[in-house]
Amino acid sequence: MSVKRGKYGFDAPWALGGLLFGAVALLALMALSFVNDILAAGLAFLAGALYTLASASSYVYTTRRGKFAVWAKELERLSGDEDVLDLGCGRGAVLLLAAGRLPEGRATGIDLWSGKDQSGNAERVTRANTEAEGVAERVELVTGDMRELPFEDGRFDLVVSSLAIHNIPDAEGRARAVKEADRVLRPGGALLIADFQRTEDYENTLREAGWTDLRRRDLGWRFWYGGPWFRTDMLEGRKPGTPPAHQAEAPAKEVGDGV
Ligand SMILES: C[S@@+](CC[C@H](N)C(=O)[O-])C[C@H]1O[C@@H](n2cnc3c(N)ncnc32)[C@H](O)[C@@H]1O
């Protein structure tokens, strides 16, 4: 998707609001310090304000541009007829990028549509984005919890998730979501989970389930939510086993050769 036609909002808008509020507060303190001739404090508040504004800029870049650029590259591996699932699809940033590369396939997104996790998050908004991007006929939207997926075992060729699993508050729930991703993937299917926390835990969950083809890598500055201390890792892997004969016959099902 070189030009985005949908409207994708802001991830965790409260976090961005906090950064902007912090910058304004620091600028006010700086002005107060300079008015009262407290030069050292004024300069310190100025430095703090610039640092916070730089963090806010990084956050805005990632949520509006960077994550799209990174995922567009990741999804180049699709051959076009896969069945793809996006866990916590929100307004469809990753889901619709995938759908755009699936002329013969399908993209399914599941979400609870939490407005705390993404601004303006609602199924109707995501549906409008499927229309705006011209992929509505290839996309299915499901309202549901990624800890209990309403899909049969082994249905999907690729499961993706971006900045979503960490929103589950407890470790057991996050592990359940990862195990569900494993369950609905076909043997030999690929998994791509981008998250800024806990990817090591997700990896351990999969290793305990018998996965061996797994690795984590840093997604770089384009996926910083404020700076390198809020960077994002990609956990990528391939589910053990060979696909059932009807899936193995189709060469296009060899999704994720780069995985
Ligand atoms: C930060 S947003 C990211 C959305 C999208 N993946 C993107 O990159 O634009 C996190 C998403 O996870 C969803 N979410 C959180 N917990 C969930 C759960 N247990 N089941 C399904 N979706 C969930 C939220 O509703 C939200 O849409």
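Axes here are lines fitted to C-alpha atoms, for helices over the stretch in contact, and the angles between their N-to-C directions run from 0 to 180 degrees. Please bear in mind that this is a predicted model. With that in hand, we can go from the overall layout to the helix pairs, the domains and the ligand.

**Overall layout**

- The chain holds seven helices and seven strands.
- Read from the N terminus, its elements follow the order α-α-β-α-β-α-β-β-α-β-α-β-β-α.
- The C-alpha trace spans about 80 × 40 × 30 Å along its principal axes.

**The pair α1 and α2**

- Helix α1 covers residues 13-35 and helix α2 covers residues 39-74; they pack at an angle of about 160°, and their axes are 8 Å apart.
- Angles over 145 degrees count as roughly antiparallel, so α1 is roughly antiparallel to α2.
- The crossing of α1 past α2 is left-handed.
- On the α1 side, the residues that meet α2 include Leu16, Leu19, Leu20, Gly22, Ala23, Leu26 and Leu27. Among their counterparts in α2 are Ala41, Gly42, Phe45, Leu46, Gly48, Ala49 and Tyr59.
- What is the make-up of this contact by class? The residues of the contact of α1 with α2 comprise 17 nonpolar and six polar ones, with no charged residues.

**The pair α2 and α3**

- Helix α2 also meets α3: the two axes come within 10 Å and cross at roughly 35°.
- Here α2 passes α3 in a right-handed crossing.
- Lys67, Phe68, Trp71 and Ala72 of α2 make this contact with Ala93, Val94 and Leu97 of α3.
- By class, the contact of α2 with α3 counts six nonpolar residues, one charged and no polar.

**The pair α5 and α6**

- Helix α5 (residues 171-184) and helix α6 (residues 199-208) have axes that come within 9 Å and cross at roughly 55°.
- That angle makes α5 oblique to α6.
- The crossing of α5 past α6 is right-handed.
- From α5, the contact takes Ala171, Arg174, Ala175, Val178, Lys179 and Asp182, while α6 brings Asp201, Tyr202, Thr205 and Leu206.
- Five nonpolar, one polar and four charged residues make up the contact of α5 with α6.

**Two domains**

- The domain assignment divides the chain into domain 1 (13-62) and domain 2 (78-253).
- Taken over C-alpha atoms, the centres of domain 1 and domain 2 are separated by 36 Å.
- Seven residues from domain 1 and eight residues from domain 2 take part in the contact.
- On the side of domain 1 that touches domain 2, α1 and α2 each supply at least two residues.
- Which helix gives the largest share of that side of domain 1? The answer is α2, with four residues.
- That side of domain 1 has four nonpolar and three polar residues, and no charged ones.

**Around the ligand**

- There are 24 residues around the ligand, and Gly88, Gly90, Ala93, Ser114 and Ala164 come nearest.
- Both α3 (93-100) and β2 (106-111) supply at least two residues each to the shell around the ligand.
- Sorted by class, that shell has 11 nonpolar, seven polar and six charged residues.

Note on methods:
Residues are numbered from 1 along each chain as its sequence is written. This is a predicted model: local features need pLDDT of at least 70, side-chain atom pairs count only at pLDDT 80 or more; totals for chains, interfaces and linings use all residues. Angles under 35 degrees count as roughly parallel, over 145 as roughly antiparallel, 65 to 115 as roughly perpendicular and the rest as oblique. A crossing is left-handed if the near helix is turned anticlockwise from the far one by less than a right angle, and right-handed if clockwise. Two residues are in contact if their C-beta atoms, placed from the backbone, lie within 7 Å. Ala, Val, Leu, Ile, Met, Phe, Trp, Tyr, Cys and Pro count as nonpolar, Asp, Glu, Lys and Arg as charged, and the others, Gly among them, as polar. Domain bounds come from an automatic or database domain assignment. A residue is near a molecule or strand if its C-beta atom, placed from the backbone, lies within 6 Å of it.
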